[in-house]
Amino acid sequence: MKSFVLPSNAATQSMSWINATMNNNGSGPNQRGVYNSVYFRTKLTDIQIQAMFDYLGGSKDEPTLNYSQTLLQLDSYGGQINKYNGNDTSIKQRSSIMKGQFQTYWNNGYDNADELDSQYINWQKEFFTAMFAETGGFPDPDYIPPSGHPDPVKAKASVDGCYVNYPNGILGTNGGTPSIDHALKLYFGDAITKRLMSTKTLIDPNNFFQHSQSIPVDDSHRAID
């Protein structure tokens, strides 16, 4: 076996495994980031296109933030994915043509880390909300408009919820507003959510394993402590 010898001018640096993994990669040093998601069933509505233009075109920029790594990635979807029924698997979105990934990355400051986190997260939340202003600020195909407001038929038909592996608390949390029920509807739909809650209640009736967006137990079947 041929031995490997570092060049005499090579610089070395001692790093922990986790720091080496986070920093020595194709995308550069590790960063902070926040994701949101949407499944699109049709082409974008005029409101959605305008929101993209406003937020990705710079008119909504804050002067103190760096937007060089803010984007909405659109992936083609459908094909064989859509041959299954929406209730056959844990992924209900089986009628979509695109998946949208709202992504925002930033370098963490030292003195104002919490402030930067809040600013970038709020900016992306505002972008996401503006994109789906017609359906209550979320890509909700079951949106019910306030009394007296017209039903946004076209906007509702254009979306099919969110991707569970991009969890985001603005969709709903346990004990929060909106509630976890809202997030689960966007992630899984009603039928799959019922099955997940039934399984959770059977395996973990006292809700020992939990986090802000974990599957809740069915309280009507909760075990007695």
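This is a predicted model: local features need pLDDT of at least 70, side-chain atom pairs count only at pLDDT 80 or more; totals for chains, interfaces and linings use all residues.
Okay, quick definition before anything else: accessible areas here come from the Shrake-Rupley method with a 1.4 Å probe, and for residues only the protein chains shown count as cover. On that basis, the protein has about 13900 Å² of accessible surface, and 53% of that belongs to carbon and sulfur atoms.

Residues are numbered from 1 along each chain as its sequence is written, and side-chain values use heavy atoms, with hydrogens and water left out.

On to the layout. We've got five helices and three strands, and from the N terminus the order is α-β-α-β-β-α-α-α. Those are DSSP runs, numbered from the N terminus: helices are H or I with at least four residues, strands are E with at least two. The C-alpha trace spans about 70 × 50 × 40 Å along its principal axes.

So what's inside? Of the 225 residues, 37% count as buried, meaning under 20% relative accessible area, with over 50% called exposed and partly exposed in between (1.4 Å probe, protein chains only). A nonpolar core is a set of buried Ala, Val, Leu, Ile, Met, Phe, Trp, Tyr and Cys residues joined through side-chain atoms within 4.5 Å. The largest one has 33 residues, and those touching the most other members are Phe40, Phe102, Phe127, Phe128, Met131, Phe132 and Leu171. Two or more residues each come from β1 (32-40), α2 (46-56), β3 (98-106), α3 (113-131) and α5 (180-203). The top contributor is α5, with eight.

Have a look at Phe102. Leaving out residues up to four places away in sequence, Phe102 touches a whole list, including Val34, Leu71, Gln124, Phe127 and Met131; contact means heavy atoms within 4.5 Å.

Last bit: rings. Phe, Tyr and Trp rings (the six-membered one for Trp) pair if their centres lie within 6.5 Å; planes under 30 degrees apart are stacked, over 60 edge-to-face, the rest tilted. The whole structure has 17 aromatic pairs. Tyr55 and Phe127 are stacked, 5.2 Å centre to centre with 15° between the planes. Tyr55 sits in helix α2 and Phe127 in helix α3, so this pair ties together parts 72 residues apart in sequence. Tyr55 and Phe127 are both buried. Then there's Tyr163 with Tyr166, edge-to-face at 4.7 Å and 85°, and both of those are buried.
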